[in-house]
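Hi,

Here is the structure I said I would pass on.

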Amino acid sequence: MNFIDLDYVKEIYKPRELESYKGDFGHTLILCGSSGMVGAGFFASMGAVKSGSGLTTLGTYRETFDIFSIKLNEVMLLNLDEINILDNLERFSCIVFGSGFGINQKNEYLLKELLSNFPKPIVVDADGLTMLAKNNNLDFLKNRTYPTILTPHYGEFSRLTNLDIEYIKVNRVAIAKEFAQKYNCILLLKDHKTLITNGENIFINTTGNSVMATGGMGDVLSGIIGSFISQKYSPLDATLLGAYIHGKSGEYFSKSYHCITPTDVVNILPKIIKGIEF
């Protein structure tokens, strides 16, 4: 069992070269957010931007396109009702799918097509996980050549495994490892001490606390992980680094704040990441 602490993170973190430009840091596609859940798309997108993705694009439907056009100054937008996103994927380094995206047949079809045909890593969260739990959709992961990262909380993981939440909590290491092996994925199981496994090794994150216990925090985390993948970290290292930095951002506020928002975490990310170097 490996513990993700500052010493561990320093081994995988790569400081930026001064001569670098945005093309060196990838292009992250965010497929998150819908009517009534625009915050999810905002947090995932800004999590990617503020953790260093060279370019970030949000794909959204017509009903929310204008809203995101106002909310997201640093993010490019694609109207999914006007283009076939499946024909426009070659420029993206990584896809983050599912946070507040909506559970419906259209999005379920899109997820299955991406898992079958997108030749790069995909991070699946929230509504994407709920859709994976339906209709044997998890089987799409088994033969996937490229990495898939799943980021469930206990409720979502219960749906994915058909196991009781309390049973999972007692046996989480064995269940998580077996699941990651069976479904050929990297699993990040959210908890006070988040567990990450690639089916071979177990990692326990050491950062984070209860000031972060509010909706939208997981959306930021998914954006961070996708961003680090776009920046050419391995999918496993990106997941480990994302979990550590996300939790460390919460700790930054914990001595002075009773609770914080996802926007607080987003805004402090560049400072937390830079602090790894020193």
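Which helices each supply at least two residues of the lining of the largest pocket? They are α10 and α11 (235–254), where helices (H or I, at least four residues) and strands (E, at least two) are DSSP runs numbered from the N terminus.

Some housekeeping before the rest. This is a predicted model, so local features need pLDDT of at least 70 and side-chain atom pairs count only at pLDDT 80 or more, while totals for chains, interfaces and linings use all residues. Residues are numbered from 1 along each chain as its sequence is written, and side-chain values use heavy atoms, with hydrogens and water left out.

Back to the pockets. A pocket here is an open set of points on a 1 Å grid over the protein atoms alone, where a 1.4 Å probe fits, with protein on both sides within 12 Å along at least five of seven lines; lining residues have an atom within 4 Å of a point. The largest one holds about 610 Å³ of space, a volume being the space filled by probe spheres set on the points, which are joined across faces, edges and corners. Its lining runs to 29 residues, and K190, M212, M217, G218 and H246 lie nearest the centre. With four residues, α10 gives the most to that lining.

The second largest pocket comes in at about 370 Å³. Y13, K14, R16, F25 and Q231 are the closest to its centre, out of 19 lining residues. Here helix α12 (residues 262–275) gives the most, with three residues.

As for α10 itself, it covers residues 217–230, and its 14 residues reach 20 Å from first C-alpha to last, close to the 20 Å expected at 1.5 Å a residue (that is, 1.5 Å times one less than the number of residues). Of its 14 residues, 14 are buried, meaning under 20% relative accessible area with a 1.4 Å probe, protein chains only. Just after α10, K232 takes a positive phi of about 80°.

Over in strand β3 (residues 55–60) you will find T57. T57 is buried at 1% relative accessible area, and its contacts (heavy atoms within 4.5 Å) include H27, I30, V75, L78 and F92, leaving out residues up to four places away in sequence.

Lastly, the disulfide count (pairs of cysteine sulfur atoms within 2.5 Å) comes to zero. C32 is out because its sulfur is 11 Å from the closest cysteine sulfur, in C94. For C185 the closest is also in C94, at 15 Å, too far for a bond.

Cheers

Technical notes. Buried means under 20% relative accessible area, exposed over 50%, partly exposed in between (1.4 Å probe, protein chains only).
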